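Please have a look at it before I go on.

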Amino acid sequence: MRPSHVEHIGIAVTSLEETMPVFELLTGSKCYSIEEVADQKVKTAFFKVGETKIELLEATCAESPIAKFIEKNGGRGGVHHIAFNVESVAEALEEAKKAGIRLIDVQPRKGAENLNIAFLHPKSTCGVLFEFCEQP
Ligand code: ZN
């Protein structure tokens, strides 16, 4: 599958408003996009670090996967997932499946920034949630 780069690192936060100034400082840049992804019940804020982005994720309701992650993490935010940029998410999924990796998404769907995305099951990837991203 040969990912070209780490597209983004997803970080769960309890409050975008409180966290954004920290990331403005750390990345030396302003947030360039805030977007709500209804499908995933999250509000996202993006920062750039070279070719890689930092995606801050805030839950929009108690049923959000981010709300559950924060609850499991003792009420704190933390690194939630790592996203690889691939040429084709469908092909990368096929390859992962053939290698016996469990998939969360069996086919690509739309994520933030209109990217085609899919998640792998962390049980198959050392407890780390991995995402494939494909530029639209
Ligand atoms: Zn992501």
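By a salt bridge I mean a side-chain nitrogen of Lys or Arg that lies within 4 Å of a carboxyl oxygen of Asp or Glu. What you see is a predicted model, in which local features need pLDDT of at least 70 and side-chain atom pairs count only at pLDDT 80 or more, while totals for chains, interfaces and linings use all residues. Residues are numbered from 1 along each chain as its sequence is written, and side-chain values use heavy atoms, with hydrogens and water left out.

The structure holds five salt bridges, and one of them joins the side chains of Glu 113 and Lys 53, at 2.9 Å from N to O. This pair links distant parts of the chain, 60 residues apart, with Glu 113 in the loop between strand E6 (109-110) and strand E7 (116-119) and Lys 53 in strand E4; strands here are DSSP runs of E, at least two residues long, and numbered from the N terminus.

Lys 53 also meets Glu 7 in a salt bridge, at 2.7 Å from N to O. Through shared partners, Glu 7, Lys 53 and Glu 113 are joined into one network.

Glu 113, by contrast, is partly exposed, at 23%.

Methods:
Helix = DSSP H or I, 4+ residues; strand = E, 2+ residues; numbered from the N terminus. Buried < 20%, exposed > 50% of the residue type's maximum accessible area, 1.4 Å probe, protein only.
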